[in-house]
Amino acid sequence: MRILGLSGSLREGSHNTRLLRGAGTMLPEGAELVIFDQLGAIPPFNEDEESSPPAAVRAFKEAIASADGLLVATPEYNSSIPGVLKNAIDWASRPRAESPLVGKPAAVIGASTGLFGAVWAQAEARKVLGSTGARVVDRELPIGQVVEALGADGLPLDRDAREALQATLDELVELAGGVTAPAPAQTSSAPAGRADAQRAAA
Ligand code: FNR
């Protein structure tokens, strides 16, 4: 299973990109996070071009189409989502009949340097994605005071927050069809191999 990761921040040292990468390490076996890092290459939306969009938009739409689900990590800019994220979603949502977002499982997480952990931006992202026809996990992961809240691995240091992140990821994977549990490892009580058969025959 492939989960497409989108960070709403283009900044090199983005906490949200770091959180996104950390979240990728918590996905179950059989699911991988692939980050689409070209949101900055997508030009401003122009409805005149929606049926023959620029190459950067086509690449974005193809990346969504080939993913089983989306994981968005968004900062909060002026109480809402960054324009670059909204712009990319607007492109991907059109034309509606061909939009790869329709029916796509999606989850939203976010971090901010302030106290509230980008809750308004996350609510906004869920609303916008829901309006495109994506199936959005009804959970939020507010990581406030992010400079202190994330470890070097990009994961929340707080246990409750880590559990909340895990619950969000589990629900996203479930919505995307789930992953099959790996086969149990062979143990000594497993069926006899060739050497055992030879011993038994001797
Ligand atoms: C912010 N920031 C911010 N934080 C917040 O909690 N609520 C807000 O409304 C805003 N508004 C805002 C506007 C703009 C233009 C910027 C650049 C920043 C602070 C923001 O949470 C902080 O810079 C994060 O660290 C940005 O995320 P990344 O880039 O670290 O992922």
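Modeller: Start with accessibility: a residue is buried under 20% relative accessible area, exposed over 50% and partly exposed in between (1.4 Å probe, protein chains only). This is a predicted model, where local features need pLDDT of at least 70, side-chain atom pairs count only at pLDDT 80 or more, and totals for chains, interfaces and linings use all residues. Residues are numbered from 1 along each chain as its sequence is written, and side-chain values use heavy atoms, without hydrogens and water.

Our part is the loop between strand E2 (32-35) and helix H2 (55-65). Helices (H or I, at least four residues) and strands (E, at least two) are DSSP runs, numbered from the N terminus.

Rings come next. Phe, Tyr and Trp (its six-membered ring) pair with centres within 6.5 Å; planes under 30 degrees apart are stacked, over 60 edge-to-face, the rest tilted. The whole structure has two aromatic pairs. Phenylalanine 36 and phenylalanine 60 have centres 5.1 Å apart and planes at 45°, so they are tilted. Phenylalanine 36 lies in our loop and phenylalanine 60 in helix H2, so their pair ties together parts 24 residues apart in sequence. Phenylalanine 36 is buried at 13%; phenylalanine 60 is buried at 1%.

Phenylalanine 45 and tryptophan 91 are edge-to-face, 4.9 Å centre to centre, with 75° between the planes. Phenylalanine 45 is in the loop and tryptophan 91 in helix H3 (residues 83-92).

Now charge. A salt bridge puts a side-chain nitrogen of Lys or Arg within 4 Å of a carboxyl oxygen of Asp or Glu. Glutamate 50 makes one with arginine 94, at 2.7 Å. Glutamate 50 sits in our loop and is buried at 12%. Arginine 94 is partly exposed at 30%. Glu47 joins Glu50 and Arg94 in a salt-bridge network.
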